[in-house]
Every structure is written in C-alpha cells, then in structure tokens.
Amino acid sequence: MLDFGVKREIFLDFSVGSKIAFYGLAAISICLFIFGIIQRIKKYRSGKDTKGISNIAVRFKDFLSLSLTNKTIIRDDLYSGISHLLIFWGFIILFAGTAIIFLNFDLLSLLNRAWNFWHGSFYLWFSLLLDLFGFAFFVGLLLMALRRAFLRPPCLDYRRVDTSPGTYSRRSYILGDWLFLGILLLIGVSGFFLEGLRIAMTRPPYSSWSFVGDSLAKLIIKMTGGKAPGVTFYKLIWWLHSLMSLAFIAYIPYSKAIHILTDPANFLLKEEVAGGVPPFAEDEVDLDKLGYMELKDFTWRELLSLDACTKCGRCHISCPAVISGSSLSPRDVILDLRDFINAKAKAFLLWDCQATSHEGEKLVGEVIKEETLWSCTTCLSCTEHCPVFVQHLPLLIKMRRHLIEGGFIDEGIQDALINISECGNSFGEP
Ligand code: SF4
Ligand code: SF4
C-alpha cells in the first residue's frame, strides 16, 4: 500500500505564531536539559580519576542486555520488574516515534518535500506500534502508581532505622517520586486523549490502526451526541500535552528522572571490586589520610553510581543489619552520601533530595555515623540485590578506613590492630 492520502497533520490548524512559540519553548527546554547535564558532569569531574575502563566489549554487552531486558529489576520483584519493563519499552518507542516525526518534518521534508516518508503503509504501521507501546507505557505507570499508593511494599517504606520519627522528613523523596510518575502519566493520558480528539474531528477511514485513539474517539463522539469536538478544545489539549513533554525534557537532569541516563551509564562504567573489598589505590597509601572523608575523595565513577540509585529499597530489605534492628541501612547510606555530595557540589535538584546544606558537617561521624559504619557485616547482600549495581560495601569500607586512620575505634580493637602491626599477632606476643 502506498497511499499519500494516509497521513495526519502535526499542527492541525495552528497559526505561524503558535508554531514559533512551540519551537521557542522546545529550544528553552533543550537548553535547560543540556545545562542540567553539564552540572551533573561537573559534579562527577570533581571526583578522583580512576584506572582506565577495561573489558569494553564485555561491558557493552552487559549494558545492552541489562538495559534492554530489565532482568536485574525483574529478578527480585516480578511486579515492579514487569511494570518497569512496560514503562521502559513504551518510553523508548514513544521517544523513537517523536524522533522520527522530527526527522521527517523538521529535517528531511524541509530539505526536499519528496523525502517525506511519514505516510501510507509506513504511517499506518507507525501508528499501530506507537499505540501498542503507548498503551504498555500507560499500564506500566498505572501499576507503579497502584503499588506506591495501595500495595506499599516494605522496600518503599522510607522510614530511617537510625533515628526516631519526627526528627527528619522524607517528604521531598515522596514528592519527587510522585512528581516523576505524575508527569509521565499526564503525558501518556493527554497523548491518547489528543489522538482520540483528532480522530473524532477528522474521522479518517484508517483510524482503527490507532486502536486506542480510535476507541477513545468513539467514546468522545458518543459523549458529545455525535458532534465533533471543537478545534479550540483540541488545541488546549495539544498545548497541555506539548508543555508537559517539554517540561519533562527540562526536568530530567534535576530529578529522579536522571536515572534514565545514569542507570545505563552505571551498567557501562561501574567499578569492578573483587569480593566487594576495595584495594588501596596508589594515592591512598598516604597513612596520614586514609579512607573517605569529603567529596573529593570519591572517584567520579562512585559519584555517578550514587546518582543511579532509584530508592527502590531492595538493599534495605535484604540487609541483615536492618533486619536485626541496627542503625545501618545501605539505602540510607547511599541517599545520605548523595545528599551530602549534592549539597557540597551545590547541585540544583527538584525534590529528589533532602534540602539540607550540610554546612560544617563532617561526612564520617556526622552525616554517616560511626555506629552505622561498624554495623556492616560485609555480607554483600545489598550489592547483590541492587538492580543498578550500586556498590555499597566499598564505600562503607573506605569510610571505615577513615575512622581507623583517625583512631575513632573501640580501644580493644585499636590495641589488637597495633599488636598485629608491631608483633604480627593480636596478643602482642613477641
Ligand atoms: S554488606 Fe553491610 S550494608 Fe550490605 S547488606 Fe551486608 S551488612 Fe548490610
Ligand atoms: S542502592 Fe540500589 S538497591 Fe539500594 S535503593 Fe538504591 S537502587 Fe535500590
């Protein structure tokens, strides 16, 4: 089938002024996105350099298989894993669809009208695919929203284990989660509603290829008593959908949505630490300054991995220290570190962090308490359950090294360590 009549208008009855306004807002949104990404990269560059990245081919294979299958997310929790897979593939295909429309209308068709390929059978299959994956996207988001609102699994319980309720607030985390879900849901719903309105107004004979929009169009026609919806209402929804989509692009680097980029980046660049215990780096052998105590002690790859955390809580519920009621939660260690680093790097974020300046606070001993660090049994359960490969244990050990270097340890353990270094045994026997 090659029918040049089978197509649709992108700007249905829009004035030149409206089109200019749309492209102007799109440019602002992209600039804000790029600015936010530059801020993130600056933050990572303030970390230490690490050894070169080895096994590029294996890393790339892992990156592709982990990203495309979401298998580490499905592994421990089928419900959230499948929901995430639906959102992931829905997002990818909708994004690809938008990129194809941009390529066709804003590049190829401007260069040569004959290069317009968005019509006929290509357009019909394109419509079918986008409706299918758009619907998957919507279902995935709905399942995630139901999980947060009603199922409330223990892993999403943000209560701290190291302090009593009322002395802290997790409001910004909860707001950040709902804002992220809410914007995506609004984009999905308004997109389908817009499609339904367009089909109800233009009634193309091939509308069944857009099966979701077609069903909505029938509903709209029924509700309006057979009348076509007005073009003004259509334009209103068009602007709502477009503004939400542009706002989302601008919002990505400043929010939880950054995990769309940092998670795949962490799959590709994560540090491989044998057995979870980090060896001393060459520049760490200075005995006057062992371990981690401030922002510049972290490597850029560690800073990136902190931004990969989605607060899924799997490390939290699988940690024996949490289960035994100690003051350690690997999730909270990662979130506290991230908040501390964002405060020091003066990162601008929308709700997905605790708004505290950490002015004058020490990282080890104050932000991350000593008893928290000593509660870790080094079992590695947290790292094994983390779907995005955040490496908790090396960070905990490096902060412990700072405690040891500063002598902030139990006297008995201190004596044993001195005996080992001087006599080769913990009893101090010659
Ligand atoms: S390694 Fe430490 S933080 Fe991680 S699960 Fe085990 S005890 Fe918890
Ligand atoms: S560190 Fe990993 S497992 Fe823990 S909350 Fe973050 S993403 Fe989830």
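1. The shell around ligand 2 holds seven nonpolar, three polar and two charged residues. In this classification Ala, Val, Leu, Ile, Met, Phe, Trp, Tyr, Cys and Pro are nonpolar, Asp, Glu, Lys and Arg are charged, and the others, Gly among them, are polar. The shell is made up of Cys-309, Thr-310, Lys-311, Cys-312, Gly-313, Cys-315, Arg-331, Cys-386, Pro-387, Val-388, Val-390 and His-392; a residue is taken as near a molecule or strand if one of its heavy atoms lies within 4 Å of it.

2. This is a predicted model, in which local features need pLDDT of at least 70 and side-chain atom pairs count only at pLDDT 80 or more, while totals for chains, interfaces and linings use all residues; side-chain values use heavy atoms, with hydrogens and water left out. Residues are numbered from 1 along each chain as its sequence is written, and chains are lettered from A and ligands numbered from 1 in the order in which they are written.

3. Around ligand 1 the count is nine nonpolar, three polar and no charged residues. The residues concerned are Cys-319, Pro-320, Leu-328, Pro-330, Cys-376, Thr-377, Thr-378, Cys-379, Leu-380, Ser-381, Cys-382 and Leu-396.

4. Lys-311 belongs to a salt-bridge network with Arg-148, Asp-177 and Lys-256, a salt bridge being a side-chain nitrogen of Lys or Arg within 4 Å of a carboxyl oxygen of Asp or Glu. Arg-331 pairs with Asp-332, with 3.0 Å between the closest N and O atoms. Both Arg-331 and Asp-332 are buried (under 20% relative accessible area; exposed is over 50%, partly exposed in between, with a 1.4 Å probe and protein chains only).

5. The structure has 14 salt bridges. One of them joins the side chains of Arg-40 and Asp-307 at 2.8 Å, N to O. Arg-40 sits in helix α1 (residues 16–45) and Asp-307 in helix α10, so this pair ties together parts 267 residues apart in sequence. Both Arg-40 and Asp-307 are buried. Arg-160 and Asp-162 also form a salt bridge, at 2.8 Å, N to O. Here Arg-160 is buried, at 17% relative accessible area, whereas Asp-162 is partly exposed, at 24%.

6. The chain has 17 helices and zero strands; these are DSSP runs numbered from the N terminus, helices being H or I of at least four residues and strands E of at least two. Its C-alpha trace spans about 95 × 45 × 35 Å along the principal axes. Of the 430 residues, 45% are buried.

7. Thr-299 lies in the loop between α9 (259–269) and α10 (300–308). Its relative accessibility is 7%, so Thr-299 counts as buried. Apart from neighbours within four places in sequence, Thr-299 is in contact (heavy atoms within 4.5 Å) with Gly-47, Lys-48, Thr-50, Glu-271 and Tyr-292.

8. Tyr-79, Leu-142, Leu-146, Phe-150 and Leu-151 make a nonpolar surface patch of about 490 Å². Patches use residues with over 30% relative accessible area and no salt bridge, joining like charges within 9 Å and nonpolar side chains (Val, Leu, Ile, Met, Phe, Trp, Tyr) within 5 Å. Areas come from the Shrake-Rupley method with a 1.4 Å probe, and for residues only the protein chains shown count as cover. Helix α5 (residues 120–151) gives the most to the patch, with four residues. Leu-146 is in helix α5 and, at 38% relative accessibility, counts as partly exposed.
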